[in-house]
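Work through the exercises below with the model open beside you. Try each task before you read its solution.

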Amino acid sequence: MSKINKVVLAYSGGLDTSAIIPWLKENYDCEVIAFVADVGQGEEELVGIEAKALASGASACYIADLKEEMVKDYIYPSLKTGAIYEGKYLLGTSMARPIIAKAQVECALEVGADALCHGCTGKGNDQVRFEGAFAALAPQLTVIAPWREWNLRSREALLDYLAERDIPCTASLEKIYSRDANAWHVSTEGGVLENTWNAPNDLCWVWTKDPQQAPDVAEKVSILVENGEVVAVDGEPMTPYNALNYLNEKGAEHGIGRIDIVENRLVGIKSRGCYETPGGTIMMEALRAVEQLVLDKESFEFRQTLGLKASHLIYDGRWFTPLCQSLLAAADTLAQDVTGEVVIQLYKGQATVIQKRSLNSLYSEEFATFGEDDVYDHSHAGGFIRLYSLASRIRALNSQK
């Protein structure tokens with residue numbers, strides 16, 4: 001092991017990171033500082049976490065409240081691109097990783113650490129996301145990834161490791177599912193989901209109400225969008241985080257935002273997960289509705305291209321790269337006219353836009369009407385079509401010679 005004096009660990013309080021603290025001290029003979037990121041995973045996840053970290057052997061535990069910053073500076077910019085990974089996934093885990101890694105680096109630099117550590121496994125995407133951010137922000141710091149070094153390969157081994165050292169842990173062998181939660185989403189993997197022929201059971205959904213059990217009466221929410229950002233809901237101005245929280249409550253009650261997908265991980269493995277993104281699903285619908293009004297055909301096509309590329313960059317952990325920042329800047333420019341009001345109906349798992357308007361709308365009732373109008377001469381379309389199809393006409397004439 002290389003000589004490490006002080007390491008900052010991304011600490012969740014779960015089984016893995018609880019075992020990592022004593023493992024680091026034993027194998028690197030170093031001081032371990034636990035860093036906890038509050039990204040909206042829930043108060044129950046944070047209760048007693050500092051005491052737990054200290055009991056595991058950490059010399060200190062720092063908790064950073066990143067909720068508002070995450071929504072404002074990471075989720076909202078991503079929303080403007082329209083990024084949806086593989087057509088369905090709203091990137092809930094992916095969008096939280098860069099801000100956690102950035103705050104962890106800032107903590108390490110502040111306390112004079114010479115190393116960073118994470119508890120990501122060697123099979124997943126998160127190891128790449130964390131270490132990609134570390135490389136971009138603090139390449140001088142050593143990165144330690146215990147799952148790629150130690151010989152602890154099972155939940156039983158981790159529990160035994162902690163028991164041998166009399167380190168308290170609330171984890172047990174009964175844990176079936178692997179979950180990740182933040183203000184944007186909750187993901188559930190493992191258990192019955194490992195067989196793709198198994199339908200999700202009730203334990204696979206922890207946030208949203210079953211759409212079949214959702215209220216029989218639809219509910220409407222009004223969303224005000226300015227420059228591609230949600231700024232007010234139901235007539236009340238709100239910060240990004242508060243707006244998301246409000247819509248999460250509404251959406252969860254009506255079973256909004258459930259998906260069950262098999263995705264392609266960056267490392268080449270396919271994985272299945274059930275994701276719940278109630279407020280995010282509503283926000284995405286609102287922004288896309290205003291875009292329909294204000295973006296012309298080519299601008300919208302370009303925004304779709306941005307969204308596709310951004311989804312892969314965010315998923316693959318390339319947030320802190322010039323290309324990703326360029327895409328975000330382009331999306332921000334396109335969003336300057338994306339201002340308007342949308343009414344969305346929530347009903348049994350569906351968020352349906354039923355009203356939309358914008359002062360920047362390119363939609364004109366005078367031009368679009370099926371009734372008689374004085375602004376569009378139908379005869380003008382003939383010349384346009386002849387020029388538009390000229391290449392096809394020339395090609396056909398050549399083939400007839």
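Helices (H or I, at least four residues) and strands (E, at least two) are DSSP runs, numbered from the N terminus. The model is predicted: local features need pLDDT of at least 70, side-chain atom pairs count only at pLDDT 80 or more, and totals for chains, interfaces and linings use all residues. Residues are numbered from 1 along each chain as its sequence is written, and side-chain values use heavy atoms, with hydrogens and water left out.

**Exercise 1.** Find where Thr-121 and Asn-125 are, and decide whether each is buried, partly exposed or exposed.

Solution. 
- Step 1: UniProt, in an unreviewed entry, places a "binding site" feature at Thr-121, Asn-125 and Asp-126. UniProt positions are given in the numbering used here, feature names are shortened, and annotations may be inferred rather than shown by experiment.
- Step 2: Thr-121 sits in the loop between strand S4 (115-117) and helix H6 (126-137). Asn-125 is in the loop between S4 and H6.
- Step 3: Apply the cut-offs: buried is under 20% relative accessible area, exposed over 50%, partly exposed in between (1.4 Å probe, protein chains only). Thr-121 has 34%, so it is partly exposed. Asn-125 has 8%, so it is buried.
- Step 4: List contacts (heavy atoms within 4.5 Å). Leaving out residues up to four places away in sequence, Thr-121 touches Gln-127 and Trp-147. With that limit, Asn-125 touches Glu-263, Arg-265, Leu-266, Val-267 and Tyr-315.

**Exercise 2.** Describe the salt bridge between Arg-97 and Asp-180.

Solution. 
- Step 1: Their side chains meet at 3.1 Å, N to O.
- Step 2: Arg-97 is in helix H5 (residues 92-111) and Asp-180 in strand S6 (residues 177-181), 83 residues apart.
- Step 3: Both Arg-97 and Asp-180 are buried.
- Step 4: For the total, the structure holds 21 salt bridges.

Note on methods: A salt bridge is a side-chain nitrogen of Lys or Arg within 4 Å of a carboxyl oxygen of Asp or Glu.
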